[in-house]
Amino acid sequence: MKLIALDSSGLVASAAVLSDNELLAEYTVNYKKTHSQTLLPMLDEISNMINLDLGEVDAVAIAAGPGSFTGLRIGSATAKGLGLALGIPIIEVPTLAGLAYNLFDAKGLIVPCMDARRKQVYNGIYRFEDHKLVTVKDQRPIAAAELIDELIAMDPELTKDGLIFLGDGVPVIAEESERLTVPYSFAPAHVGRQRAGSVGALALVLYAEGRYVKAEEHAPIYLRKSQAEQERERRMAGKDSL
Amino acid sequence: MDGHIDILAIESSCDETAAAVVRDGKEVLSNVIYSQIDMHTVYGGVVPELASRAHIEKINYVIQKALDDAGMELKDTDAIAVTYGPGLVGALLVGVAEAKAIAWAAKKPLIGVHHIEGHISANYIEHPDLVPPYLGLIVSGGHTHLVIVEDWAKFRILGRTVDDAAGEAFDKVARAIGLGYPGGPKIDKISKEGNPNAVRFTKAKVNGSEYDFSFSGLKSAVLNYLNQAEMKHEEVNRADLAASFQKSVVDVICEHTLKAAKDYGIKNVAVAGGVASNSGLREGLRKMCDANGLRLFIPSPVYCTDNAVMIGAAAFHEYEAGTRSGWDLNAVPGLRLGEK
């Protein structure tokens, strides 16, 4: 089982190649440069480096969202192009689950946060049980203060081993997190942001469970409607209430 | 090799997701267009984020159908071409990322194509006898350009719009007189019942450039006319107003084109872009060219609006000229003609 994994959901651009349970190559850049200019050149470089035979690749794993709409689409279109050209399926890895997989088998709750602007984060809450990633809260956009309220009100049994925050949304929740009474920490540099290696590792688990789609069927998980749709819905709702 | 160059072309710069396979820059092996227009109509115009979302949902189906209709597999093609500008950045990025991944995985050359060069090249499909040098007139919802096509894939810009594109003016005027979106076809239709000489609008001249266009003033003149009529409680004849507006647009386009043809001694005029399917413009240009001994080339309406065939036609000449894009090809929303 060989797969290409991509994550361009946030500021980080990351590409990886995995073979069974081994990471063959990974290229991760956390720098403001358009993913459109970096993602494919990065994949090209690592593929050359390991003499990757594209005919042996079984699937493409993609951090499917949430994230920057444009970033997600660059990754998705790249994955779909690979899927079309190579005739292989796409494994859609929820971005926040992929982030949580950076902290495999960690004790305590894993709380990845991505900056969703307007003092909101994209967040999901996860924990590991018998070496498996378990979703405590599905990924969603949530206000920083509301997330901390939710964690404070959570069953102490779940939070007794503490919380680990990670992702580029950490600065957004940092101030609010001071209200927490359970122990918590922030993930260190090497596992603090999106990594295609983690997306790929989780994708291998999903693939084994038969959870993948045809390349043509894949579309990003935005979790938010477009501005135009939101405004239109508000206008329509306003009309109804008159 | 069968001696032919077959190019798979992809276009996603605005609100059509399109793919085509074109042989030797002139023979259409397939032409697939998925139009999003119904989706945008409720918003009165193209919503960029919705356009981008629709592109990513449809793109693989559109590309696969283009290959299937051509009776080809990806491995049989010689190159992958894609529009990389100008256009809506989010929309362009979908096609660019997809095309790059396909070309990379299939180990094919990648050719980034300028959208306007595509529009001009649409003429090669039905008129293989059209060869440079000739005058190119591009009129669409986003662009109004008058250029000299000096050689294959070589352009000199004479004039462009300094404000609204011609198609944009059509949309805005259509909205003002209550015709709705898209404005071009609606104004064209109602104009047939109106008197084009009913309302006289002054011609917009652009200071310092005899070939440039300005349509924003004309649009304002229409709005002023409507306001004044409203203040005087006068009924406006929408057909007359639409016909008069359309005639003003057509007149200025014809005048500039004729002047350029005379100034540069060029006999062939090729028109392109969505507004080239406007029957008033087609008729006006036809008359002007006939009266002045010019030969007029206009693609069929299906090749005037956005499509990927035109991108495949342009890409062939770029391919022959040795143009190859890298894996870092980016979308350039404000790309100018002649820039690489």
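Modeller: Two residues are taken to be in contact if their C-beta atoms, placed from the backbone, lie within 7 Å. The model is a predicted one, and in it H2(A) and H3(B) meet through residues on both helices: A:Thr70, A:Arg73, A:Ile74, A:Ala77, A:Thr78, A:Lys80, A:Gly81, A:Leu82, A:Leu84, A:Ala85 and A:Leu86 on the side of H2(A), and B:Gly90, B:Leu93, B:Val94, B:Ala97, B:Glu98, B:Ala99, B:Lys100, B:Ala101, B:Ile102, B:Ala105 and B:Ala106 on the side of H3(B). Sorted by class, the residues of this contact comprise 14 nonpolar, 4 polar and 4 charged. H2(A), which spans residues 69-86 of chain A, packs with H3(B) at an angle of about 35 degrees, the two axes lying 7 Å apart, and the crossing of H2(A) over H3(B) is right-handed.

Taking the chains as a whole, 30 residues of chain B are in contact with 27 residues of chain A. On the side of chain B that touches chain A, helix H2 (48-69) and helix H3 (89-106) of chain B each contribute at least two residues, and H3(B) gives the largest share, with 13 residues. That side of chain B is made up of 20 nonpolar, 5 polar and 5 charged residues.

For context within chain B, helix H6 (residues 183-191) and helix H8 (residues 238-264) of that chain pack at an angle of about 115 degrees, with their axes 8 Å apart; H6(B) and H8(B) are therefore roughly perpendicular to each other. The crossing in which H6(B) passes H8(B) is left-handed. From H6(B), the residues B:Ile187, B:Asp188, B:Ile190 and B:Ser191 meet B:Arg238, B:Ala239, B:Ala242, B:Ala243 and B:Gln246 of H8(B), and the residues of this contact divide into 5 nonpolar, 2 polar and 2 charged.

A further helix of chain B, H11 (residues 309-320), has 12 residues and reaches 17 Å from its first C-alpha to its last, which is close to the 16 Å expected at 1.5 Å a residue. H11(B) is mostly covered, with 11 of its 12 residues buried, among them B:Met310, B:Ile311, B:Phe316, B:His317, B:Glu318 and B:Tyr319. After H11(B) comes B:Gly322, which has a positive phi, near 90 degrees.

Conventions:
Residues numbered from 1 in each chain as written. Chains lettered and ligands numbered in written order. Predicted model: local features only at pLDDT ≥ 70, side-chain atom pairs only at ≥ 80, totals over all residues. Axes fitted to C-alpha atoms, helices over the stretch in contact; angles between N-to-C directions. Helix = DSSP H or I, 4+ residues; strand = E, 2+ residues; numbered from the N terminus. Parallel < 35°, antiparallel > 145°, perpendicular 65-115°, else oblique. Left-handed = near helix turned anticlockwise from the far one by under 90°. Nonpolar A, V, L, I, M, F, W, Y, C, P; charged D, E, K, R; others polar. Expected span 1.5 Å × (residues − 1). Buried ≥ 20, exposed ≤ 12 C-beta atoms within 10 Å, placed from the backbone.
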